[in-house]
Amino acid sequence: MRTTVGIIGAGPAGLLLARLLHQAGVECVVLEARDRAYVERRQRAGLLEQGAADILRDCGAGDRLDREGLLHRGFELRFEGRSHRVDLPSMTGGRTVTIYPQTEVVKDLIALQLVDGPPLLFEAPVIAVEKADSEQPLIRFVRDGREQTLECEFVAGCDGSYGASRRALPADEVRLHERTYPYSWLGILADVPPSCDELVMAGHERGFALQSMRTPAVSRLYLQVPNGTDPNDWSDDRIWDELDVRLAADGWTLQRGPILAKSVSTLRSQVVEPMRYGRLLLAGDAAHLVPPSGAKGMNLALADALTMARGFIHWHGSGSSDLLDHYSDNCLRRVWQAQHFCHEMTTLLHTAPDADGYDRQMQLTRLRRLTRPTAAAAEFAENYAGLPLI
Ligand code: RFL
Ligand code: PHB
């Protein structure tokens with residue numbers, strides 16, 4: 001098999017890239033390790049920045065997003081038993097965010113691709129990317145139990161942090177910057193309407209808690225838990241009791257309901273620098289991870305895919321590799337900005353295992369600044385709503 005751009009991974013990054021290339025007449029093939037049902041059901045992100053929602057609309061994937069997405073103009077910060085609303089439009093020149101689950105973004109992009117898009121092969125795990133430093137890179141993958149090859153002009157590594165693309169990077173050419181946080185998130189999906197129309201983030205002494213949602217009828221909630229936590233050690237009652245304590249505020253009641261899913265994920269930051277090796281370009285989680293506290297992972301993945309698509313389209317139309325040559329630098333500026341914001345959000349709201357009274361006072365001082373019309377509050381809102389895409 002031959003193509004122009006071989007795309008590894010059918011997450012938000014790979015699917016958006018395929019859509020944009022297809023619309024511009026650049027040939028590509030997407031190889032995905034898992035089956036369609038698995039990819040469409042994987043519970044992940046929930047929040048789209050305005051810029052990311054606009055990218056999806058512009059490529060024709062905005063119909064359901066506009067019908068079913070929940071537009072949010074602010075969120076609540078809770079600490080010391082009180083709620084403080086952060087208003088986004090008034091501090092960001094009118095920008096908002098949308099709650100629209102990653103599962104739905106992925107379903108919409110897959111549906112478009114299966115109607116008129118380039119080939120998307122499910123259950124086709126890539127085992128290696130070879131000759132990335134040559135003009136003819138090669139992808140080795142398995143299909144129906146047989147090993148096959150896809151010859152490409154470029155390879156787009158959109159296969160997450162455990163994919164084959166990362167394994168193809170020589171350690172002496174590419175650096176991996178990394179932080180692992182001393183806590184994880186226990187996430188639940190609950191069959192109960194959210195107790196608040198907006199997101200609620202609590203910076204409690206016992207640890208972080210978040211009330212989010214998937215639809216007006218289904219809630220998504222998170223609790224900070226120690227690393228190594230087994231979700232089975234947390235009964236439904238224990239989860240609701242702890243959420244009650246951490247999210248408590250005067251005059252507010254957390255509604256309980258059946259828990260549909262429970263999982264634990266560790267919080268980590270990673271950046272691969274540069275995001276390119278030869279003719280292998282990385283996008284999304286393959287290039288960087290952020291702790292979920294800042295809700296930036298899917299948004300960064302979509303922004304990378306747009307930047308990469310522009311590079312390939314320019315190269316395809318003009319023969320110039322100018323944009324591709326600046327791909328990594330252009331993305332990394334946004335990536336490091338998001339890393340900084342997510343790190344700030346994480347340390348602002350989580351309680352480290354060795355935290356003492358001094359650390360707590362530092363957190364409370366930082367939190368109080370965000371509840372007044374300060375420059376810190378404006379910068380926080382700007383970052384949360386997302387920086388405009390260039
Ligand atoms: P994905 O979505 O992981 O897709 C990668 C795809 O590659 C496939 N793959 C392979 N395919 C072929 N061959 C191989 N060898 C392969 N290896 C892997 C995988 O099966 C998969 O289909 O990466 P992508 O596209 O870069 O998208 C990144 C996002 O998924 C991720 O950053 C976000 O989910 C992070 N995130 C959030 N991001 C936000 O923007 N807003 C949020 O509100 C938000 N909340 C979250 C989050 C992540 C969380 N977890 C689970 C850590 C909340 C949580 C709890
Ligand atoms: C989510 O809805 O999954 C979500 C929202 C905001 C975050 C993280 C996750 O910061």
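I count a residue as buried when its relative accessible area is under 20%. The model I have open is a predicted one.

**Entry: glutamine 270**

I started with glutamine 270, which sits in strand β17, residues 259-273. Its relative accessible area is 7%, so I noted glutamine 270 as buried. What does its side chain make a polar contact with? I found the side chain of arginine 166, at 2.7 Å. Setting aside neighbours within four places in sequence, I listed the contacts of glutamine 270, among them Ser161, Leu176, His177, Glu178 and Gln339.

Next I traced an open sheet of 3 strands, ordered β3-β7-β4 and paired antiparallel. Its edge strands are β3 (47-49) and β4 (70-72), each pairing on one side only. From one strand to the next, the twist averages 30°. I then checked β4 against β7 (residues 97-99) and found 3 bridges joining them. Leucine 71 has threonine 98 in β7 as its bridge partner.

**Entry: ligand 1**

Last, I turned to ligand 1, which 34 residues surround. The closest are Glu32, Arg42, Gln102, Asp285 and Met298. Which atom of glutamine 102 lies 2.7 Å from an oxygen atom of the ligand? I noted a polar side-chain atom. For glycine 46 I wrote down a backbone N or O atom, 3.2 Å from an oxygen atom of ligand 1. Alanine 33 also brings a backbone N or O atom, 3.1 Å from a nitrogen atom of ligand 1. The protein covers 88% of the 1,000 Å² of accessible area that ligand 1 has on its own. Two or more residues of the shell come from each of α1 (12-23) and α9 (297-318), and α9 gives the most, with 4 residues.

Methods
Residues are numbered from 1 along each chain as its sequence is written. Chains are lettered from A and ligands numbered from 1 in the order in which they are written. This is a predicted model: local features need pLDDT of at least 70, side-chain atom pairs count only at pLDDT 80 or more; totals for chains, interfaces and linings use all residues. Side-chain values use heavy atoms; hydrogens and water are left out. Buried means under 20% relative accessible area, exposed over 50%, partly exposed in between (1.4 Å probe, protein chains only). A polar contact is a pair of N or O atoms within 3.5 Å; within protein, one must be able to donate a hydrogen and the other to accept it, and residues adjacent in sequence count only if both atoms are side-chain atoms. Contact means heavy atoms within 4.5 Å. Two strands pair if DSSP finds at least two bridges between them. Axes are lines fitted to C-alpha atoms, for helices over the stretch in contact, and angles run from 0 to 180 degrees between N-to-C directions. A residue is near a molecule or strand if one of its heavy atoms lies within 4 Å of it. Accessible areas come from the Shrake-Rupley method with a 1.4 Å probe; for residues, only the protein chains shown count as cover.
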